[in-house]
Amino acid sequence: MARVDLKSIERLRSVVRLLKKDDAVNELLNSCNRVGEAYLFGGLVRDALLGSAGVFGDVDIFVSGPLDADFVESISRVHRRTNFGGMRLVVGRYDVDIWELSKSHAFRFERGSQRNIGGLLSTVCFSTDAVAVSLVSGKILADRRFNETMKSRIFGFVSKPNLLEVLQVVRVARIFVKNGVRPGLDVSKYFVDGVNEFGVDQLISAEKKWKGRRLLDKRTVQVVDEYCRGSLSSGFVLDEPWFGDGVLFPSESG
């Protein structure tokens, strides 16, 4: 179980309660739990446990049993299939991505991983995402690297991309700004390399994937870049943001 404080656990419980208050989402979860077990995964869990002032994001759910595609389609206003058993839905008030654990996209490349929850958590990119919560028992399941991030407030790679990926570079900045955790040296180098490769404007443009929950502008990217370069030049993770010429974080809007 993740080493989290009571306040963080209560934030996560509040998120789960809010989801279940939506009749359509609750109906979806009940259907999933009849054939296996549904788990909440991704940004909502990360934000609840690490802390965030952001808005309620997309809902990521994986299921340990087979998805009833016909039923899922019947309760979603909008739906489309994604690769490897996944479906993108609009259920009640929420955008939901749901997929079968055994067909997870993560296992497409991590062929040596066991196709279970532990295997899935070992394939995420950043340690901030190596955690899930059962929507049956409420049990928190975490990779050791998530526990280390909770303790140190420093995040690293669990499964580092082979190449620079613009969206992962953007995610480094978003996690730093939104969750207040600092990138380790390996992540800092990845981010600096990404800024050098793609440029600030391309990173800001790529953030459109997050729809209305955008956090980055030129000033914010500059702050993160200077912090990461400061860590790399000193050889250790800085205790405080590296503000360089006095640039400050903008007010967070989502």
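This is a dialogue on how terms are applied to one predicted model.

Trainee: What kind of model is this, and which residues count?

Mentor: It is a predicted model, in which local features need pLDDT of at least 70 and side-chain atom pairs count only at pLDDT 80 or more, while totals for chains, interfaces and linings use all residues. Residues are numbered from 1 along each chain as its sequence is written, and side-chain values use heavy atoms, with hydrogens and water left out.

Trainee: How many helices and strands does the protein chain have?

Mentor: The chain has 11 helices and nine strands. Helices (H or I, at least four residues) and strands (E, at least two) are DSSP runs, numbered from the N terminus. Residues 24 or more positions apart account for 65% of the chain's contacts with a separation of 6 or more, where contact means heavy atoms within 4.5 Å.

Trainee: Why is Phe 126 called buried?

Mentor: Buried means under 20% relative accessible area, exposed over 50%, and partly exposed in between (1.4 Å probe, protein chains only). Phe 126 has a relative accessible area of 0%, so it is buried. Of the 254 residues of the protein chain, 52% count as buried.

Trainee: What makes Arg 153 partly exposed?

Mentor: Its relative accessibility is 26%, so Arg 153 counts as partly exposed. Arg 153 sits in the loop between α7 (144-152) and β8, and has a positive phi of about 60° although it is not a glycine.

Trainee: Why is helix α3 described as largely enclosed by the rest of the structure?

Mentor: Helix α3 covers residues 43-50, and seven of its eight residues are buried, so the description holds. The buried ones are Leu 44, Val 45, Arg 46, Asp 47, Ala 48, Leu 49 and Leu 50. Just after α3, Gly 51 takes a positive phi of about 95°.

Trainee: How do the axes of α3 and α8 lie, and which residues make the contact?

Mentor: The two axes come within 10 Å and cross at roughly 40°. Arg 46, Asp 47 and Leu 50 of α3 meet Arg 171, Lys 178 and Asn 179 of α8. These residues divide into one nonpolar, one polar and four charged. Axes are lines fitted to C-alpha atoms, for helices over the stretch in contact, with angles from 0 to 180 degrees between N-to-C directions. Ala, Val, Leu, Ile, Met, Phe, Trp, Tyr, Cys and Pro count as nonpolar, Asp, Glu, Lys and Arg as charged, and the others, Gly among them, as polar.

Trainee: What makes Tyr 39 and Phe 62 a stacked pair?

Mentor: The structure holds eight aromatic pairs. Rings of Phe, Tyr and Trp (its six-membered ring) pair if their centres lie within 6.5 Å; planes under 30 degrees apart count as stacked, over 60 as edge-to-face and the rest as tilted. Tyr 39 and Phe 62 lie 5.0 Å centre to centre with 15° between the planes, and the pair is stacked. Tyr 39 is in strand β1 (residues 38-41) and Phe 62 in strand β2 (residues 59-63), 23 residues apart. Both are buried.

Trainee: Which residues touch the most other members of the largest nonpolar core?

Mentor: Of its 79 residues, these are Leu 28, Leu 40, Ile 61, Phe 62, Val 96, Ile 98 and Phe 191. The largest share, seven residues, comes from α8. A nonpolar core is a set of buried Ala, Val, Leu, Ile, Met, Phe, Trp, Tyr and Cys residues joined through side-chain atoms within 4.5 Å.
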